[in-house]
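Please examine the sequence and the structure shown here before reading on.

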Amino acid sequence: MTEAVGGKEEVTALGRGLALLKVIGMAAAPVSNRELADTTGIPKATVSRLTATLVSAGYLRQAPDSERFSLGPALLDMSSRYLRQFDLRAVARPHLAELSEFAGASVHVAVRDELDMLVIDSLRPRSALISSRLEIGTRLTVVTSAAGRACLAALPAAEQSTLLERIREESGEDWPSIEPRLMAGIDEYARLGYCSSFGEWHPHIHALGFALKGPHGEHYGVSCGGPAYLLPKEMMLTQVAPRLLEVARRISAEAGTANPD
């Protein structure tokens with residue numbers, strides 16, 4: 001069965017199966033068919049058929065003697081293949097490692113997934129005893145993270161408008177307080193080439209973020225940050241920011257994605 005969505009045909013069963021995978025992937029523990037049905041609004045009988053199909057394909061793993069599911073090994077294989085094809089990471093990593101050591105801060109590379117930024121690479125300075133290293137797979141919000149704001153600010157105008165509208169719809173009554181921060185971030189990126197997040201994503205974390213464009217047009221957000229008491233705002237702006245901008249330029253030049261003068 002297909003449905004027309006935004007002028008395109010969407011396979012309903014596939015969309016529902018992907019929705020189940022997303023719910024299970026974000027859950028802290030294995031999830032039952034009933035919980036999946038309640039969360040997604042998909043009928044329980046349909047959920048049961050979908051989970052059975054996903055288990056047989058290896059995308060889900062069913063707990064023994066139960067109706068609870070967690071992500072399966074086939075997804076790990078797909079994730080590994082994605083990372084192997086992530087051309088920009090090989091180019092960027094040496095430069096990001098240098099930035100991490102210079103700043104004494106953790107550096108994270110993320111891609112946008114809906115209204116979140118999904119961490120796909122993480123570097124920690126060898127010299128730091130304490131850092132804010134995030135595990136691969138950690139989610140940051142576009143709204144409050146430096147990487148998310150930078151990614152938003154660097155999008156082409158039409159994509160940026162679409163994403164802002166989605167954030168507005170999801171934010172509901174919180175939008176009046178969110179909009180000024182997002183617009184300030186877009187302006188900050190236009191003026192300075194980076195976005196800042198001082199205690200917004202986490203009250204004790206300071207970070208600066210910039211955007212990168214991959215060789216195939218894909219968009220990434222990069223954050224450099226750590227504990228606020230080790231990385232005070234003035235230090236981040238006067239010492240870390242210039243090096244961050246230089247690293248961003250070098251990566252873009254080496255990847256062949258730098259904007260022409």
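## Basis of the description

Two strands are taken to pair if DSSP finds at least two bridges between them. The model is a predicted one.

One of the residues concerned is Ser32, whose bridge partner in E5 is Arg68. Helix H1 (residues 12-26) packs on this sheet and touches E3, E4 and E5. The direction of H1 makes about 85 degrees with that of E5.

The sheet as a whole is open, and its three strands follow the order E3-E5-E4 with antiparallel pairing. Strand E3 (31-32) and strand E4 (60-62) are the edge strands, and each of them pairs on one side only. E4 and E5 run antiparallel and are joined by three bridges; in E5, Phe69 is the bridge partner of Gln62. The hairpin of E4 and E5 has five residues between the strands, and Asp65 takes a positive phi near 55 degrees there.

## Packing of H1 against H3

Two packed helices are described by the angle between their axes and the distance between the axes. For H1 and helix H3 (residues 44-56), the axes come within 10 Å and cross at roughly 75 degrees. Angles of 65 to 115 degrees count as roughly perpendicular, and H1 and H3 are therefore roughly perpendicular to each other.

On the H1 side, the contact is made by Ala13, Arg16, Gly17, Leu20 and Leu21. H3 contributes Thr46, Val47, Leu50, Thr51 and Leu54. By class, the residues of this contact of H1 with H3 comprise six nonpolar, three polar and one charged.

## The six-stranded sheet

A second topic is the open sheet of six strands, which has the order E8-E7-E6-E11-E10-E9 and antiparallel pairing. Strand E8 (139-141) and strand E9 (195-198) stand at its edges, each with a single partner strand, so one side of each is left without a neighbour in the sheet. On average, and with direction ignored, neighbouring strands of this sheet are turned by 35 degrees against each other.

Within this sheet, E10 and E11 run antiparallel and are joined by nine bridges. Among the residues involved is Ala207, whose bridge partner in E11 is Gly225. Helix H6 packs on the sheet, where it touches E7, E8, E9, E10 and E11; the direction of H6 makes about 35 degrees with that of E10. Helix H9 (residues 233-255) lies across E9, E10 and E11 and runs at about 15 degrees to E10.

## The largest pocket

The largest pocket holds about 1,000 Å³ of space. Its lining is made up of 23 residues, and those nearest its centre are Leu71, Leu75, Ser79, Leu118 and Arg139. Two or more lining residues come from each of H1, helix H4 (73-84), strand E6 (106-113) and strand E7 (116-123).

H4 supplies the largest share of this lining, with six residues. In terms of class, the lining of the largest pocket has 15 nonpolar, four polar and four charged residues.

## The largest cavity

How many cavities of 30 Å³ or more are there? The count comes to one. The largest cavity contains about 140 Å³ of space and is lined by 15 residues. The residues closest to its centre are His108, Trp201, Ile205, Ala207 and Ser223.

At least two lining residues are supplied by each of helix H6 (146-154), strand E10 (205-213) and strand E11 (219-227). The largest share, four residues, comes from E11. The lining of the largest cavity divides into eight nonpolar, seven polar and no charged residues.

Conventions. Residues are numbered from 1 along each chain as its sequence is written. This is a predicted model: local features need pLDDT of at least 70, side-chain atom pairs count only at pLDDT 80 or more; totals for chains, interfaces and linings use all residues. Side-chain values use heavy atoms; hydrogens and water are left out. Contact means heavy atoms within 4.5 Å. Axes are lines fitted to C-alpha atoms, for helices over the stretch in contact, and angles run from 0 to 180 degrees between N-to-C directions. On a 1 Å grid over the protein atoms alone, a cavity is a set of points where a 1.4 Å probe fits but cannot get out, and a pocket is an open set with protein on both sides within 12 Å along at least five of seven lines; lining residues have an atom within 4 Å of a point. Grid points are joined across faces, edges and corners, and a volume is the space filled by probe spheres set on the points. Ala, Val, Leu, Ile, Met, Phe, Trp, Tyr, Cys and Pro count as nonpolar, Asp, Glu, Lys and Arg as charged, and the others, Gly among them, as polar. Angles under 35 degrees count as roughly parallel, over 145 as roughly antiparallel, 65 to 115 as roughly perpendicular and the rest as oblique.
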